[in-house]
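Please go through the fold of this protein chain with me, sheet by sheet and helix by helix.

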Amino acid sequence: MNYNSTRDKNRVVSASQAIAQGISEEGGLFVPQQLPAYNEADLKAMLEMDYRGRAKKIMGDFLGDFTADEISESVDAAYTAEKFGGENPAPISYIESGDKKMSLLELWHGPTCAFKDMALQILPHLLTKSMKKTCDGKQAVILVATSGDTGKAALEGFKDVDGTKIMVFYPVDGVSPMQKRQMATQKGDNVSVVAIKGNFDDAQTGVKKIFTNAEIKQKLADNNMLFSSANSINWGRLLPQIVYYFSAYSDIVNEGRIALGDKINVCVPTGNFGNILASFYAMNMGLPVNKFICASNSNNVLTDFIRTGTYDKKRKFYTTISPSMDILVSSNLERLLYHLSGEDAEKVAALMSALSNEGVYTVDDEIKAKLEKYFWGGFCDDEKTQKTIGELYKNENYLADTHTAVAVNVYEQYVDQTGDKTPTVIASTASPYKFAKAVLASVTDEALPENEFSMVDALSAKTGTAVPAPLASLKDAKEIFSFECEVDEMPETVLSGLSIG
């Protein structure tokens with residue numbers, strides 16, 4: 001299977017080239033030229049597999065220039081019981097309340113307590129193998145823009161991986177205290193963390209500009225280096241996310257909650273659009289999905305786009321209690337537009353140019369009709385998010401983080417407005433302890449402690465739930481990174497961090 005760019009179909013690369021390169025030279029994203037097609041017999045076969053078996057099957061069908069042994073080695077190294085606290089790295093909690101049937105797919109049991117671990121524990125294995133296939137001897141420089149969770153998960157995945165250096169940029173006031181501490185205390189000889197004086201969109205735009213800067217790329221080449229990405233713009237980040245939707249479906253069937261072939265809905269708290277896009281790919285491969293429910297916080301650019309067909313980033317930016325969704329430019333939407341437009345790369349390039357130059361674009365009637373067929377969009381502000389956390393805990397004894405609560409609230413809006421009672425998989429994307437202040441305030445009327453770790457302890461005492469070990473260990477961890485830079489200083493910061501001029 002080969003891949004081409006969303007902006008130029010003539011740029012065709014292998015799977016390993018797509019993963020090593022991360023992004024196409026002209027700024028487009030790599031997409032598979034065709035998708036594996038799974039029938040009911042294939043889905044039935046997955047019922048007998050564990051998570052790792054399903055991952056090997058699906059990834060093997062996409063990574064044409066990897067051997068079966070290479071894929072098996074990567075999967076087995078990534079999804080260990082030690083890293084994820086059990087044999088199933090993505091367990092499900094079931095909540096049934098009246099007409100609402102929720103399967104909360106818990107994607108946060110990995111080493112950094114966020115769903116990004118599901119992809120970023122395997123990406124280093126895929127990337128290093130890709131580098132050996134396509135550019136052996138070069139050092140990969142991983143640049144990451146993060147709204148909180150990707151940064152730590154990427155740092156943890158790539159720390160001390162031979163042949164790589166990783167630099168993470170995050171908005172100085174745009175992540176939770178726990179997320180900031182996770183990154184600031186990161187160990188590893190090849191890692192670097194920088195706070196920028198801007199928001200996530202500034203960080204993401206800055207990283208993309210560096211990726212496509214010919215002068216900087218040449219300086220890296222002169223020093224036997226090349227850029228790659230750990231953001232979901234990299235196909236190697238997105239592919240592993242397809243797996244857990246098939247795995248969740250298999251687990252729900254095995255639980256007897258649905259029959260094989262029954263449709264489900266998928267609801268995802270959405271920022272950069274990668275997680276929900278993975279479920280869209282799964283549907284197009286044969287997973288029985290009825291509707292994709294795209295849940296946003298107050299930064300509801302995606303809600304408006306799904307409802308109107310106009311994407312307008314020229315709006316107020318909100319810093320919310322669900323910071324991983326504080327995004328106004330959802331990069332992976334470009335891949336969706338490519339597929340909904342009938343793989344019209346010229347049309348996608350024009351839309352992306354309009355977004356970059358004018359801050360807004362409107363899709364044609366054909367794309368809009370397809371968008372409305374597959375997707376439903378809703379949003380939830382901070383007040384309703386906290387109310388949802390409180391109600392879930394009080395009524396269901398389930399403690400959710402701020403992002404999962406947004407998804408639950410929007411799912412409830414969807415059912416109330418449409419009457420659709422299809423069983424729904426809701427992506428639960430982070431441990432509640434990563435956002436202890438907001439979660440604690442949602443489940444107690446008592447005055448909050450003054451510091452983050454006192455809040456963590458209070459939340460555990462209040463709810464009787466255990467603090468995840470990776471977060472508990474941060475209390476006494478030494479802060480290593482405190483550097484800040486302006487957005488326009490990012491290129492210089494990268495070169496300086498690499499010790500090249």
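The questions and answers below concern a predicted model.

Q: How many helices and strands are in the protein chain, and what is its radius of gyration?
A: The predicted chain contains 23 helices and 16 strands. Its C-alpha trace spans about 60 × 50 × 45 Å along the principal axes. For 501 residues the globule rule gives 23 Å, and the chain's own value is close to that, so the chain is as compact as a globular protein of that length; the radius of gyration is 21 Å.

Q: In what order do the three strands of the open antiparallel sheet lie?
A: Strand β1 (residues 2–5) is joined to β3 by three bridges, and four bridges join β1 to β2. The strands β2 (8–14) and β3 (30–32) are the edge strands, each pairing on one side only. The order is therefore β2-β1-β3.

Q: Which residues stand opposite S5 in β2 and in β3?
A: Strand β1 runs antiparallel to β2, and a hairpin of two residues connects these strands. Strand β1 also runs antiparallel to β3. S5 stands opposite D8 in β2, and its bridge partner in β3 is F30.

Q: Which helix lies across β1, β2 and β3, and at what angle does it run to β3?
A: The three strands form an open sheet, whose twist averages 40° from one strand to the next. The helix that lies across β1, β2 and β3 is α15 (residues 333–340), and its angle to β3 is about 45°.

Q: Which strands stand at the edges of the six-stranded open sheet?
A: The sheet has mixed pairing and the order β4-β5-β15-β10-β11-β14. Its neighbouring strands are turned by 25° against each other on average, direction ignored. Two strands have a single partner each, so one side of each is left without a neighbour in the sheet: β4 and β14 (375–379).

Q: Which residue of β5 stands opposite Y94?
A: Strand β4 pairs with strand β5 (residues 100–106) in the antiparallel sense, over six bridges. The residue of β5 opposite Y94 is S103.

Q: Which residues does S93 touch, leaving out those up to four places away in sequence?
A: S93 is placed in strand β4 (residues 92–97). Beyond four places in sequence, S93 touches M102, S103, L104, E106 and Y398.

Q: Which helices pack on the six-stranded sheet?
A: One of them touches β10 (264–269), β11 (289–296), β14 and β15 (424–428), and its direction makes about 175° with that of β11; this is helix α13 (residues 274–285). Another touches β11 and β14 and makes about 75° with the direction of β14; this is helix α17 (residues 365–374). The helices asked for are α13 and α17.

Q: Is α8 roughly parallel or roughly antiparallel to α9?
A: Helix α8 (residues 149–158) and helix α9 (residues 177–184) pack with their axes 9 Å apart, at an angle of about 25°. An angle under 35 degrees counts as roughly parallel. Helix α8 is therefore, relative to α9, roughly parallel.

Q: How many nonpolar, polar and charged residues are in the contact of α8 with α9?
A: The crossing of these helices, α8 and α9, is left-handed. D149, G151, K152 and L155 of α8 meet Q179, Q182 and M183 of α9. By class, these are two nonpolar, three polar and two charged residues.

Q: How are α18 and α19 oriented to each other?
A: The axes of helix α18 (residues 382–396) and helix α19 (residues 402–418) come within 8 Å and cross at roughly 90°. Angles of 65 to 115 degrees count as roughly perpendicular. The two helices, α18 and α19, are therefore roughly perpendicular.

Q: How many nonpolar residues are in the contact of α18 with α19?
A: From α18 come K384, T385, T388, I389 and L392, and from α19 come T402, A405, V406, V408 and N409. Four of these residues are polar and one is charged, and the nonpolar ones number five.

Q: What is the handedness of the crossing of α20 and α21?
A: Helix α20 (residues 436–443) packs against helix α21 (residues 452–463) at about 40°, with the axes 9 Å apart. That angle makes α20 oblique to α21. The crossing is left-handed.

Conventions: Residues are numbered from 1 along each chain as its sequence is written. This is a predicted model: local features need pLDDT of at least 70, side-chain atom pairs count only at pLDDT 80 or more; totals for chains, interfaces and linings use all residues. Side-chain values use heavy atoms; hydrogens and water are left out. Axes are lines fitted to C-alpha atoms, for helices over the stretch in contact, and angles run from 0 to 180 degrees between N-to-C directions. Contact means heavy atoms within 4.5 Å. Angles under 35 degrees count as roughly parallel, over 145 as roughly antiparallel, 65 to 115 as roughly perpendicular and the rest as oblique. A crossing is left-handed if the near helix is turned anticlockwise from the far one by less than a right angle, and right-handed if clockwise. Ala, Val, Leu, Ile, Met, Phe, Trp, Tyr, Cys and Pro count as nonpolar, Asp, Glu, Lys and Arg as charged, and the others, Gly among them, as polar. The radius of gyration is taken over C-alpha atoms; the globule rule is 2.2 Å times the number of residues to the power 0.38.
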